[in-house]
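This report is meant to be read alongside the sequence and the model. It begins with a single residue and then turns to the chains, their arrangement and a pocket.

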Number of protein chains: 2
Amino acid sequence: MKDQIVISKATIDRLPLYFRTLRQIQQEGVEIISSEELGRRIGVTPEQIRKDLASFGEFGKKGVGYFVRELIRNIGEILGLHRNWNVAIIGVGHLGWALANYRNFSSLGFNLAAVFDVDPARVGQIVSGVEVTHLDYLEKICKERNIHIGIITVPAQFAQDIANRLVASGARGIWNFAPIKINVPPEVRLVSEDLSVGLSSISYYLSRQADQ
Amino acid sequence: MKDQIVISKATIDRLPLYFRTLRQIQQEGVEIISSEELGRRIGVTPEQIRKDLASFGEFGKKGVGYFVRELIRNIGEILGLHRNWNVAIIGVGHLGWALANYRNFSSLGFNLAAVFDVDPARVGQIVSGVEVTHLDYLEKICKERNIHIGIITVPAQFAQDIANRLVASGARGIWNFAPIKINVPPEVRLVSEDLSVGLSSISYYLSRQADQ
């Protein structure tokens with residue numbers, strides 16, 4: 001993947017869906033799938049699938065379909081999922097706990113390598129196979145375990161400080177669930193999840209229905 | 001809000017951020033704010049803010065700024081947050097528990113009115129002030145409590161069935177966290193959260209950095 005093709009964010013956001021669906025299809029014993037069937041399973045048009053996958057190269061055979069195993073390997077490589085990124089979760093409230101145990105992460109190749117909290121009742125507990133460490137040791141552990149990605153699930157007022165410490169300890173990606181805007185250096189990839197957006201979006205559409 | 005203005009999804013997705021930030025600003029005692037300062041707090045350009053808010057009407061005074069209290073009320077109305085939607089959570093694993101206790105939901109005006117699970121150890125427990133009911137009573141409780149929105153946090157294989165039952169019981173919005181595609185009738189608003197997308201997006205960008 002040395003060639004730097006420009007791919008739209010919308011396409012990149014669909015690739016994990018392709019990846020996951022193709023793995024389900026593979027588990028069902030299917031070896032070849034048409035863009036029509038794949039589209040039906042994922043909920044996008046066959047044209048969209050052909051367009052998305054054509055951005056990366058030739059993964060299918062006209063009139064035959066896509067080779068499932070090959071497509072999985074290729075999409076996994078595009079997404080960098082073959083690299084086994086080391087992930088740390090900071091904050092083991094219910095959300096942190098849920099994320100640590102989210103099966104798709106390990107099946108996508110992410111390796112939960114460290115978990116941090118400040119609560120003495122949580123430190124020392126085992127979460128998804130990893131012992132919870134006190135936040136005081138964040139720098140030390142992140143460097144020792146070569147943490148690539150930090151997942152922030154602490155209260156909003158602590159999120160920026162945690163992000164700073166993760167970046168200073170070598171993390172190159174931050175996934176922020178705290179409901180606040182945080183800043184990271186331009187070379188660090190930040191993805192923020194704002195859970196209130198989904199619910200507000202539903203509310204907006206229901207309101208408009210109610211007004212009609 | 002009877003007039004049906006067409007507003008882009010990107011704008012609608014930013015409105016909850018505006019709403020939340022403005023409420024923080026209001027709590028700080030600020031009554032009037034410029035688009036520059038609001039932009040700085042939210043992390044978008046002042047031009048974007050002026051453009052977004054102009055879609056809905058006149059909320060500011062040139063050379064003065066936006067009246068914080070008025071803007072909060074107006075955005076809340078646009079998002080339908082003044083309507084007090086009744087929400088049910090189905091599946092009280094860690095994610096369901098985290099969502100039930102997510103403070104922003106109640107502060108956005110969503111009313112957690114029912115919580116369901118099948119686990120006898122969870123049924124009868126109190127989650128964020130609401131008693132967990134057995135899933136067998138979903139139809140009865142949803143009708144009695146006038147549930148508008150169902151949040152699905154059950155394992156993937158049960159998600160479609162739960163969605164069908166919610167819709168049949170009167171829910172008009174579904175927020176799906178199960179990692180599977182579900183189908184709902186066109187009049188029902190479906191928002192799906194795929195947590196693997198965020199992490200894959202980070203992985204994709206880190207891979208490309210590593211290759212450079």
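## A glycine in a strand

When neighbours within four places in sequence are left aside, B:G60 is in contact with B:G65 and B:Y66. The model in which these contacts are found is a predicted one. B:G60 belongs to strand β2 of chain B, which covers residues 60-61, and its relative accessibility of 30% makes B:G60 count as partly exposed. Although B:G60 and B:A100 are 40 residues apart along the chain, the separation of their C-alpha atoms is 35 Å.

## The fold of chain A

The secondary structure of chain A consists of nine helices and 10 strands, and its C-alpha trace spans about 60 × 50 × 35 Å along the principal axes. Of the 212 residues in chain A, 51% are buried. Among the contacts in chain A with a separation of 6 or more, 57% are accounted for by residues 24 or more positions apart.

## How the two copies are arranged

Through which surface do the copies meet? Since 98% of the interface residues of chain A are also interface residues in chain B, the copies meet through the same surface.

## Helix α9 in both chains

In chain A, helix α9 (residues 195-211) contains A:L195, which is buried with a relative accessible area of 4%. Not counting residues up to four places away in sequence, A:L195 touches B:L99, B:Y102, B:F105, B:W175 and B:F177. Within its own chain, A:L195 is 16 residues from A:P179, and the C-alpha atoms of these two residues are separated by 8.0 Å.

In chain B, helix α9 (residues 195-211) has 17 residues, which at 1.5 Å a residue should span 24 Å, and this agrees with the 25 Å between its end C-alpha atoms. Helix α9 of chain B is mostly covered, as 14 of its 17 residues are buried.

## Helix α8 of chain B

Which residues of α8 in chain B are buried? They are B:A159, B:I162, B:A163, B:R165 and B:L166. The elements that cover the buried residues of this helix include β4 (86-90), α7 (138-144), β8 (149-152) and β9 (173-176) of chain B. Just after α8 of chain B comes B:G170, which takes a positive phi of about 105°.

## The second largest pocket

The second largest pocket has a volume of about 1100 Å³. It is lined by 36 residues, of which A:R103, B:V154, B:P155, B:A156 and B:P179 are the closest to its centre. From chain A, the elements that give two or more residues to the lining are α1 (9-27), α5 (94-100) and α6 (103-107), while from chain B they are α5 (94-100), β5 (111-117) and α8 (156-168). By type, the residues of this lining divide into 19 nonpolar, 11 polar and six charged.

Note on methods. Residues numbered from 1 in each chain as written. Chains lettered and ligands numbered in written order. Predicted model: local features only at pLDDT ≥ 70, side-chain atom pairs only at ≥ 80, totals over all residues. Heavy atoms only, no water. Contact = heavy atoms within 4.5 Å. 1 Å grid on protein atoms, 1.4 Å probe; cavity = no way out; pocket = protein on both sides within 12 Å on 5 of 7 lines; lining within 4 Å. Points joined across faces, edges and corners; volume = space filled by probe spheres on them. Helix = DSSP H or I, 4+ residues; strand = E, 2+ residues; numbered from the N terminus. Nonpolar A, V, L, I, M, F, W, Y, C, P; charged D, E, K, R; others polar. Expected span 1.5 Å × (residues − 1). Buried < 20%, exposed > 50% of the residue type's maximum accessible area, 1.4 Å probe, protein only.
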